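Open the model in your viewer and keep the selection tool ready. We will go from stop to stop, and at each one you select a few residues and look.

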Amino acid sequence: MALPTVNPTKTNSWGKLKAHFEAIKDVHMKDLFAKDENRANTFKIEWDDFYVDFSKNRITEETFKYLLELADEVKLKEAIESQFSGEIINQTEGRAVLHSALRAPESYNVKVDGENVIPEVHKVKRKIEAFTNEVVNGDRKGYTGKPFTDIVNIGIGGSDLGPAMVVDSLQYYKNHLTTHFVSNVDGDHVNEVIKKLNPETTLFVVVSKTFTTQETLSNANTIKSWFLKHANEADIAKHFVAVSTNIDSVKNFGIDPNNIFPMWDWVGGRFSLWSAVGLSISLAVGYDNYDALLSGAYKMDEHFKSEDFDSNIPVVLALISIWYNNFFGAESEAVIPYSQYLNQFATYLQQGIMESNGKSIDRNGYPIDYETGTLIWGEPGTNSQHAFFQLIHQGTKLIPADFIGFTKSLHGNQDHQDKLMSNFLAQTEALLNGKTKDEVVSEGTPEAIIPFKIFQGNKPTNTIFINKLSPESLGKLIAMYEHKIFVQGVIWNIFSYDQFGVELGKQLASKILQEFNNQSVNNHDSSTSNLLEYYKKSR
């Protein structure tokens with residue numbers, strides 16, 4: 001069964017939403033709260049250790065009703081069932097989309113091409129567990145007999161962003177191993193990492209599904225050459241492991257076949273941290289914490305699959321995003337976690353959201369005449385308050401924002417946590433209410449300055465409160481955004497799981513690389529030709 005192919009703009013609910021938007025586009029949320037004292041209770045979802053308040057949005061119960069009708073008209077329920085059952089919903093690449101299967105219990109039965117994939121998933125998980133325990137406990141040693149102290153993950157895109165974000169987010173739970181990430185083909189990046197390492201005590205994890213990715217192999221070979229200045233070819237087997245499907249190329253690199261962790265083509269790169277791509281996560285925080293991360297994601301999967309849409313967190317967040325993107329014309333969304341541990345979270349989401357839904361052709365193969373995709377950006381609060389919040393508060397752009405906060409700190413400093421959370425709550429209130437001219441005048445502001453200190457307010461936010469940042473809660477949070485991506489893609493009638501737009505630049509880069517050592521420049525526009533010649537003369 002393929003995904004439904006419903007043009008959202010042709011649905012009855014879309015027409016209702018257009019007319020409704022014209023009627024309420026200038027309504028201030030302050031007035032909505034004033035008219036309905038129960039609003040905050042109407043627009044909230046409490047689930048497990050999550051409390052999601054979406055009342056500070058420019059919506060009414062009528063808006064919500066039409067958005068839910070839209071979900072039904074585009075056959076979202078059927079689409080969810082198709083994804084979780086292993087149907088070929090990545091039709092342009094002929095693949096199932098089953099990152100959810102990577103966190104499913106062993107008792108599950110999910111078939112791809114008639115075969116249950118769950119036993120193989122759990123076989124790999126057991127291999128990750130055994131390998132992790134050997135390294136962490138010091139039973140697996142380097143070529144001089146010393147236990148490992150450092151782990152280097154070599155990958156790019158989904159083979160880097162997911163593991164790097166999770167390891168950074170779970171620093172509180174890390175063990176004695178120090179984890180490094182090498183991704184950029186910029187030689188300065190890899191050399192900055194190398195200079196911190198002892199070859200005798202460093203384990204390298206090369207992550208590349210095809211083992212052909214230019215950036216990853218360039219970095220892996222540079223590190224291999226550095227390693228061989230200290231060790232022998234035979235020692236590579238002790239210090240390098242791979243996550244890949246290209247067994248022959250991995251073996252030719254010198255990696256022991258027993259140290260190859262498999263991947264599957266039904267897992268997209270940007271959703272692959274749940275697979276053996278997450279080996280560096282397991283090594284950094286221990287397998288039990290890695291397994292808890294997967295368990296949290298599974299709990300969100302079950303919520304997404306079974307919960308009615310009006311109380312389904314990913315569905316509600318996706319519908320609200322559609323409302324702003326397609327009716328208010330809001331091009332971007334900010335993600336503001338009030339935790340320094342989530343420093344890389346928005347960066348991670350950029351790939352997941354913008355690579356998935358940055359499409360201009362619908363599932364019927366026709367050009368799209370409505371907006372798809374959203375620009376994602378953000379930084380942790382309170383740092384971001386002293387950076388770009390001015391634009392959100394008083395700029396001309398409408399920028400919906402997700403505020404993510406935790407009721408408990410990990411280190412238990414209540415004074416700091418109270419100050420952090422006071423800012424967390426104050427910012428969404430300020431974005432809601434703004435500041436009126438009367439309020440500015442009452443503060444004794446000089447008349448000439450009054451216009452500059454007025455805040456319009458009416459800036460929409462979602463507040464996602466979570467009890468504590470744990471491996472399990474992080475798993476839930478990541479999976480929440482994954483499912484939001486899926487829902488938006490279904491509504492926009494696009495294929496979210498291919499990324500052909502990534503390939504063109506790679507193809508041209510390979511062509512230009514060959515030209516660097518030749519005299520001629522082949523068939524480029526004049527700008528590129530000039531720049532290429534300038535680089536060749538200057539290097």
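**Stop 1: the largest pocket**

Select helices α9, α15 (345-357) and α20 (503-515): each supplies at least two residues of the lining of the largest pocket. Helices here are DSSP runs of H or I with at least four residues, strands are runs of E with at least two, and both are numbered from the N terminus. A pocket is an open set of points on a 1 Å grid over the protein atoms alone, with protein on both sides within 12 Å along at least five of seven lines; lining residues have an atom within 4 Å of a point.

This is a predicted model, in which local features need pLDDT of at least 70, side-chain atom pairs count only at pLDDT 80 or more, and totals for chains, interfaces and linings use all residues. Residues are numbered from 1 along each chain as its sequence is written, and side-chain values use heavy atoms, with hydrogens and water left out.

Which helix gives the most to this lining? It is α20, with four residues. Now select Thr213, Gln499, Val502, Glu503 and Lys506, which lie nearest the centre of the pocket among its 37 lining residues. The space here is about 930 Å³. A volume is the space filled by probe spheres set on the grid points, which are joined across faces, edges and corners.

Colour the lining by class: twelve residues are nonpolar, 16 polar and nine charged. Ala, Val, Leu, Ile, Met, Phe, Trp, Tyr, Cys and Pro count as nonpolar; Asp, Glu, Lys and Arg count as charged; the others, Gly among them, count as polar.

**Stop 2: Glu215**

Select Glu215 in helix α9 (residues 214-228). Glu215 is buried yet has no salt bridge. Buried means under 20% relative accessible area, exposed over 50%, and partly exposed in between, with a 1.4 Å probe and protein chains only. A salt bridge is a side-chain nitrogen of Lys or Arg within 4 Å of a carboxyl oxygen of Asp or Glu. The nearest side chain of opposite charge is Lys506, 5.7 Å away. For charge, Lys and Arg count as positive and Asp and Glu as negative; His and the chain ends are not counted.

What does Glu215 touch, leaving aside its neighbours within four places in sequence? Show Ile156, Ser183 and Val185. Contact means heavy atoms within 4.5 Å.

**Stop 3: the second largest pocket**

The second largest pocket has a volume of about 340 Å³. Select Ser339, Gln340, Ser409, Gln417 and Leu420, the closest to its centre of the 18 lining residues. Helix α17 (residues 414-433) gives the most to this lining, with three residues. The lining divides into six nonpolar, eleven polar and one charged.

**Stop 4: helix α5**

Move to helix α5 (residues 76-84) and select its buried residues: Leu76, Ala79, Ile80, Ser82, Gln83 and Phe84. They pack against α4 (61-73), α13 (287-306), α14 and α19 (471-492). After α5 comes Gly86, with a positive phi near 90 degrees.

**Stop 5: salt bridges**

Side chains of opposite charge can pair when their charged atoms come close. This model has 22 salt bridges.

Select Lys476 and Asp48, which meet in a salt bridge of 2.7 Å, N to O. Lys476 lies in helix α19 and Asp48 in the loop between β1 (44-47) and β2 (50-53), so the pair ties together parts that are 428 residues apart in sequence. Are the two partners buried or exposed? Lys476 is buried at 1% relative accessibility, whereas Asp48 is exposed at 52%.

Next, select Arg103 and Glu482, whose side chains meet at 2.9 Å, N to O. Arg103 lies in the loop between α5 and β3 (111-112) and Glu482 in helix α19, so this pair joins parts 379 residues apart in sequence. Arg103 is buried at 4% relative accessibility, and Glu482 is buried at 3%.

**Stop 6: the largest cavity**

Select Lys484 and Glu333, a salt bridge with its closest N and O atoms 3.1 Å apart. Lys484 is in helix α19 and Glu333 in strand β10 (residues 332-337), 151 residues apart. Lys484 and Glu333 are both buried.

Both residues also line the largest cavity, along with others including Asn57, Tyr324 and Asp402. A cavity is a set of grid points where a 1.4 Å probe fits but cannot get out. About 60 Å³ of space lies in this one. Finish on α14 (313-328), which supplies the largest share of the lining, four residues.
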